[in-house]
Amino acid sequence: MKFRILFLLFIILISCKTKEKTSQTRTTPIKTSKARSKPLSEDSLDIMIGQMILVGLNDRTFLPENDSLRKELRAGKVGSVIVFEKNISKTKSAETLKKLIGDLQAEAPIPLFVTIDEEGGKVHRLKEKYGFVKMPSAQYLGNLNNPDSTLYYTRNLAKELKELGINLNFAPDVDLGLNKENPVIYKAGRSYSADPGIVTKQALLSIEGHHDFGVKTILKHFPGHGSSSVDSHLGIVDITNQWKIMELWPYRDIIRSGNCDAVMTAHIINCHLDTTCLPATLSRPIVNDILRDLLQFDGVVFSDDMQMNAISKNYGLENAIKLSINAGVDILLFGNNVHLEDRISATQIHATIKKLVRSGEIKENRIEESFRRIMALKHKTFNQ
């Protein structure tokens, strides 16, 4: 069954390729040595692992001088942070957030990815009530399907992100709006359309608007969350019998365009794509075989939040970390939007990854591979 499905995917996805080389500008594939004459030094390994860790800021709206996060940043145990609405002060919102981000960057030996979920509509942290710009939902923009409107709103947002110091947005959402009863995608207005052509067109406009201001973007949620009927924040989501192959088309076309900065995985199960029935975030057949080998994506893969119930309640912290990294995920997101007793520090995550490397359950060259991808994306620039 596995080989039949993968063969079918290959035929369908490759069928529309032209024989001539496309004009796509792609990152040079990362090469790592199969054999290493000597192991990585402790310092090198620690730095590389740190770049794979993305954490939430808990309830911080400022960074105290004695804050434990300062120590973790200085030690290189954090490569990225994510901003939520709770990190936005109700007064002097832009000024305070910009100061917080500046303080975080000042402590980091390697510049951070400062990320945010700014899709618009319901997934909109920088709300107008705090003095920020309006950003309508993907559903609204997809229904309009007007390039000028999409670029107008996205450029306004990207300009604001750049001014605040936010350099990577967890958008656009390229899930297809296939299931109108879907509580987390369709009903939340997060899909541009059920038509993959419209989704691709709108997503490319969104990416263009972000790139105009030097802000990087992430496609989500691979390999497609639009046909689901359950929210993976709450538990296991199995879309084996609902998922359609056209949910891959926006990824295929945007990757081929050369404009895909990064991809986020979904915590969804599809037993046709992975016969072991692991969630996509933990699945080597989905991340490595389909996204990397079949769709030829060389860039950074982010996990969705590893503390969502679909993962945290079913696979355990250490096992989930091991599976996701070995699947091909480069950056692990721990948003810490959980009860206080369930929050996890970058130091704990770092120690867990290092333990798995030292035990041989994760190979050193797998860490190095992720580090090279991450650094390539951090150094990526645009003609602005």
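The model is predicted, so local features need pLDDT of at least 70 and side-chain atom pairs count only at pLDDT 80 or more, while totals for chains, interfaces and linings use all residues. Residues are numbered from 1 along each chain as its sequence is written, and side-chain values use heavy atoms, with hydrogens and water left out.

Let us start with the whole chain. The protein chain holds 13 helices and 12 strands; these are DSSP runs numbered from the N terminus, helices being H or I of at least four residues and strands E of at least two. Of its 384 residues, 56% count as buried, meaning under 20% relative accessible area with a 1.4 Å probe, protein chains only.

Now for the rings. The chain has 4 aromatic pairs, where rings of Phe, Tyr and Trp (its six-membered ring) pair if their centres lie within 6.5 Å; planes under 30 degrees apart count as stacked, over 60 as edge-to-face and the rest as tilted. Phe 113 and Phe 302 have ring centres 6.3 Å apart and planes at 50°, so this pair is tilted. Phe 113 lies in strand β3 and Phe 302 in strand β11, 189 residues apart, and both are buried.

Phe 302 also pairs with Phe 170: their centres are 5.6 Å apart and their planes at 85°, so the pair is edge-to-face. Phe 170 sits in the loop between β6 and α7, 132 residues from Phe 302. At 0% relative accessibility, Phe 170 counts as buried.

Note on methods
Buried means under 20% relative accessible area, exposed over 50%, partly exposed in between (1.4 Å probe, protein chains only).
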